[in-house]
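User: Could you take a close look at the aromatic rings in this model and walk me through how they pair up?

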Amino acid sequence: MFELVRVSRWGCAMAVGLFVMCAAVSDETFAQGAPSSDPSASPRERALRDQLKNILRELDELQQKKESEKPDAERPTIIKENTEPASSETATEATSAKPDFDLADMSIVSKRSQNRPEGLSLSATVPSETESQPTRTMKESMESLPGIVLRQANGPRDFSMMIRGQGAKTAFAIRDIKVYEDGISQTQSDGLSRLDIQDPWFMRSVEVIRGASSSLYDNYALGGMVHFRTRRGSDIHGLETFLSGGSYGYQKYGVAIGQETEKFDIAMFGSQMAADGFIQHSNYNTQTINFNVRYKIDDRQNFYFKAITNWLNTKVPTRLTQGQYFADERQAGGAQTPCTPGAYNAGCADALLLNQSRVDRRTIIGGIYERQIDTNTVLTVEADYDLKDIQQSFSQVIENTNPNYKSYADLRHDGRLGAMPLKSYIGFFVNKMEQKGNTFQNLADGFGTKGTLIQNTRGTIFNIGGRFREELEFYPNWIFAVGLGFEQSRINVYATNYDQTTGAFANRVSANRTFSNWAPEGSITWKPSVDRRHWIRASTGYGIPQFANLLRDPVTGQPGTNFNLKPQKNLNLEIGTEMRLHPTLLVHVVGFYTFFKDEIITQVITGNNTASVNADSSRYRGVELFADWRPVTGLRVSGAYTHINAEYINFSDRTTAGFIVRDGKHVPNVPTDILNGKVEYYHEPMGLGAWVEGNYSNSYFLNNNNTFGFPSYVIGNVNVYKNIEVSKSSWFRFAKLFIQVDNIADTKYAASGQVITGETHAAAAGQQIFFAGYGRAVYGGVTLGLF
């Protein structure tokens with residue numbers, strides 16, 4: 001209770017201080033802000049204002065239609081970078097170079113304007129982040145945003161992701177964060193997302209909402225939400241081909257076909273990427289197809305169809321101990337573990353003997369229907385089928401199929417409560433995923449040969465729920481938002497276990513659990529002008545257990561039902577400001593305080609027997625900073641910084657020596673300081689540009705006793721690109737060439753670590769910990785615009 005009181009006082013003090021400061025520095029701007037409503041207006045005046053609003057909206061739609069008929073170069077963008085030519089006068093030049101980020105949303109389905117929710121920490125990449133560096137992964141562009149960290153996992157584009165410390169303990173894929181692409185969920189019903197299916201070359205921008213957001217995005221949105229937006233047919237306007245290659249056998253080929261007509265907007269992407277990899281036994285080959293069709297049924301109805309599929313065949317090294325990392329960071333790993341060639345050993349982790357690999361396929365097919373019921377009301381209905389089919393070889397050979405059906409329906413309405421503008425939202429969702437899995441022995445013969453069946457699992461996850469949100473402008477430029485989400489989840493799973501030596505039936509365990517979760521949220525936003533936004537927010541998140549969490553007895557660690565495990569939840573408190581301090585300078589500052597309750601962790605119970613338990617509570621405090629400065633036309637200086645202090649508040653850790661109180665210890669694998677800085681210059685008349693980027697990560701702890709740490713590093717990258725426009729040819733439109741050098745100083749660094757056990761540094765150092773980051777690597781490529 002004392003802690004909560006202290007946090008409340010700290011938050012109130014920050015809120016009051018920030019609002020007073022903003023009032024002091026921007027009273028003139030506040031005075032100039034035009035009020036959007038007048039409480040003293042007569043009913044007739046309010047009715048006329050509403051009619052005017054509807055007329056303006058229809059005019060806006062007509063204008064959007066005109067814009068769509070313009071040539072590419074004249075069309076507006078969703079997230080814009082101002083590229084007006086420089087004026088001879090300094091003041092005019094500074095104004096034309098200002099960072100022009102239009103964060104007013106555009107509907108996924110149509111070109112209808114659809115404002116984002118108020119009171120959120122929202123950031124988005126600009127198109128140049130992917131256009132000028134279309135290399136291997138989304139890591140480079142996404143880490144240009146504050147609060148988000150990506151770390152290398154088990155594949156070329158497989159990264160674990162962390163937002164404000166949430167998701168930090170995941171060693172592969174993404175958990176505790178919801179992921180979407182063009183409005184269709186990429187997160188399956190068990191909370192797992194993977195970036196294998198996202199190709200940077202297909203993307204226009206990436207949007208990130210930071211902080212617990214389950215009232216908006218339901219289950220697993222403890223850290224927030226990431227939304228990938230692909231390029232539209234109107235962005236491509238013909239045929240594009242892409243070819244690149246570089247160090248460590250890297251090669252990539254891609255094609256994009258897109259066009260917009262009066263009724264259709266069609267975009268199709270395909271890519272093939274392969275490489276030998278920097279680390280031994282990390283070679284890969286992956287193909288991705290992404291097909292998008294937008295159809296305008298009539299002036300009020302639109303339909304969007306999307307199909308994505310990804311094939312991945314990659315070898316996977318084993319994480320290195322500290323000694324192995326210092327001796328040779330490029331080795332395959334696991335040679336120190338107990339392995340007998342041709343025989344099964346559960347403790348074997350030799351990447352070469354096990355032929356560790358992932359042969360995965362993911363396919364998502366879905367559609368979104370949008371109908372404008374009237375001028376102020378829009379209905380959206382989404383449905384998709386998501387199939388994950390994997391065969392992975394590690395110490396065991398895993399065959400798993402997860403068919404997943406997902407759907408949601410949203411109704412948005414812009415109206416009034418008396419004289420006050422009110423935006424209302426209500427939504428319902430339902431999804432179901434099946435689990436069909438078999439686990440076999442890996443005979444460690446260098447080929448990943450399957451041995452005896454160890455386990456067979458079958459299960460289902462069924463989620464259903466609803467949510468609503470109201471945003472009321474209760475005073476001119478002041479908006480109060482409140483939201484509430486509810487979800488009921490039912491997990492039914494059983495596993496048949498077999499003797500790992502003889503293959504005989506051993507036991508059968510099952511679990512049937514139902515979870516009900518509520519997610520309230522509230523915020524107050526003050527917009528003194530179009531260039532300034534200040535907000536305070538309180539929001540919540542939740543995440544239910546996974547199948548495997550429920551199939552181990554928490555007392556013995558043996559197969560059994562875990563009746564005690566609870567969903568993990570968090571409370572996010574934040575205060576933020578986003579201001580254009582100068583026509584050329586945009587600044588974004590957020591302070592946050594997150595309480596994490598009942599975090600689901602895995603503990604060793606006896607010997608090699610483990611079980612999932614809830615860690616009572618921890619807290620994550622920090623600050624996020626972002627700046628974008630355009631002092632002259634073509635020059636952009638940007639930076640993102642995140643500081644996090646994560647500590648256990650109440651947690652008793654179970655070890656071989658008994659229970660140890662971890663109160664006050666740092667939560668492992670949560671970075672303390674992350675900095676990304678970039679300087680870019682583009683000379684439009686010559687079509688020539690270049691940028692230099694630096695990334696810094698401070699050291700942080702990897703074990704609960706805080707005796708073993710992740711080493712800090714500084715990495716520098718440089719890129720030079722050339723854009724060639726051809727205006728007189730109907731066959732050849734443009735060429736975009738680039739060359740990029742990553743890790744220009746050839747720094748030896750760890751790309752990722754994972755949570756480990758061990759009370760002493762020596763005990764921790766001998767475990768599997770690090771994946772090494774790439775050494776110096778050179779990449780080059782060209783995009784050709786044809787037809």
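Analyst: Happy to. Rings of Phe, Tyr and Trp (its six-membered ring) pair if their centres lie within 6.5 Å; planes under 30 degrees apart count as stacked, over 60 as edge-to-face and the rest as tilted. This is a predicted model, where local features need pLDDT of at least 70, side-chain atom pairs count only at pLDDT 80 or more, and totals for chains, interfaces and linings use all residues. Residues are numbered from 1 along each chain as its sequence is written, and side-chain values use heavy atoms, with hydrogens and water left out.

Across the whole structure, 24 aromatic pairs turn up. One of them joins F710 and F770: the ring centres are 6.1 Å apart and the planes meet at 65 degrees, so this pair is edge-to-face. F710 belongs to strand 30 (residues 709-710), while F770 sits in the loop between helix 10 (761-765) and strand 34, so the contact ties together parts 60 residues apart in sequence. Helices (H or I, at least four residues) and strands (E, at least two) are DSSP runs, numbered from the N terminus.

F710 is buried at 2% relative accessibility, and F770 is buried with a relative accessible area of 2%; buried means under 20%, exposed over 50% and partly exposed in between (1.4 Å probe, protein chains only).

Ring pairs also link these two into a cluster with Y325, F326, Y700 and F708. K736 lies over the face of F734, at 5.1 Å from the ring centre.

Notes. A charge sits over a ring if NZ of Lys or CZ of Arg is within 6 Å of the ring centre and within 35 degrees of the ring normal.
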